[in-house]
Amino acid sequence: MGTRSDADLTARHAEIFIIAIPYLACSEAMPQIREALAGKVVVDATNPLNSDWSPISFGGQSSAAEEIAKLIPEARVVKAFNTVFADIMVPEKMLRDGQRVTSFVCADDQAAKALVLELADSIGFSALDSGPLSNSQYTEAMAHLNIQLAVALGGGTDAAFIYHRP
């Protein structure tokens with residue numbers, strides 16, 4: 001994330017701030033820039049993973065996104081981009097058999113969610129309104145499954161979810 005002043009400066013000037021650091025680093029990093037993130041749309045792209053890539057469980061009571069929202073309560077937290085491997089986030093891999101890769105977007109703040117849905121669509125995803133921020137526990141579980149399929153079971157990271165709607 002750079003130095004505290006770099007992150008603070010970035011947060012103060014960003015319209016949308018995307019958290020793309022390990023979830024375990026958020027408890028230290030987010031409070032340091034809490035003030036700069038007040039009122040900002042903050043996209044949580046993390047997944048709750050231990051350092052060995054095993055899932056962190058919140059026992060069905062919370063999610064990484066909800067825990068991050070507690071660290072930066074004045075921010076407008078949106079969960080998105082956590083179910084897609086970085087390998088897929090290039091234009092030539094966003095289209096699969098004629099369908100765009102799905103970006104699941106969860107948030108309680110409807111205006112913030114709309115902004116992130118628009119962002120996701122504009123960069124090539126099929127953005128899907130996935131309900132309130134509490135539903136991020138399900139997208140985080142999907143990411144855990146994706147990691148298991150790709151890494152533990154050897155499927156590779158050239159895979160993506162497509163939510164097909166007729």
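Mentor: One term to begin with: contact means heavy atoms within 4.5 Å. This is a predicted model, where local features need pLDDT of at least 70, side-chain atom pairs count only at pLDDT 80 or more, and totals for chains, interfaces and linings use all residues. Residues are numbered from 1 along each chain as its sequence is written, and side-chain values use heavy atoms, with hydrogens and water left out.

Trainee: OK. What is glutamate 66 in contact with, leaving aside its neighbours within four places in sequence?
Mentor: Leu133 and Ser134. Glutamate 66 itself sits in helix H4, residues 64-71. Helices (H or I, at least four residues) and strands (E, at least two) are DSSP runs, numbered from the N terminus.

Trainee: How many salt bridges does a search of the whole structure find?
Mentor: Nine. In one of them, glutamate 74 pairs with arginine 34, with the closest N and O atoms 2.8 Å apart. Glutamate 74 is in the loop between H4 and strand E3 (76-79), and arginine 34 is in helix H3 (residues 34-37), 40 residues apart.

Trainee: And why does glutamate 74 count as partly exposed?
Mentor: Because its relative accessibility is 38%. Arginine 34 counts as partly exposed too, at 35%.

Trainee: What about aspartate 44 and lysine 79?
Mentor: Their side chains meet in a salt bridge, 2.8 Å from N to O. Aspartate 44 lies in strand E2 (residues 41-44) and lysine 79 in strand E3, so the pair ties together parts that are 35 residues apart in sequence. Both aspartate 44 and lysine 79 are buried.

Trainee: Where do lysine 93 and aspartate 158 lie?
Mentor: They form a salt bridge too, at 3.8 Å, N to O. Lysine 93 is in the loop between E3 and strand E4 (95-96) and aspartate 158 in the segment after H6, so this pair ties together parts 65 residues apart in sequence. Salt bridges that share partners also join Asp44, Lys79 and Glu140 into one network.

Trainee: Changing topic: valine 116, buried or exposed?
Mentor: Buried, because its relative accessibility is 0%. Valine 116 lies in helix H5 (residues 110-122). Not counting residues up to four places away in sequence, valine 116 touches Val41, Val43, Val78, Ala80, Phe81 and Val105. The C-alpha atoms of valine 116 and valine 43 are 7.8 Å apart, although 73 residues separate the two along the chain.

Trainee: And serine 130, where does that lie?
Mentor: In the loop between strand E7 (126-129) and helix H6 (136-152). Serine 130 is buried, because its relative accessible area is 16%. Beyond its neighbours within four places in sequence, serine 130 is in contact with Phe104, Val105, Cys106 and Asn135.

Note on methods. Buried < 20%, exposed > 50% of the residue type's maximum accessible area, 1.4 Å probe, protein only. Salt bridge = Lys/Arg side-chain N within 4 Å of Asp/Glu carboxyl O.
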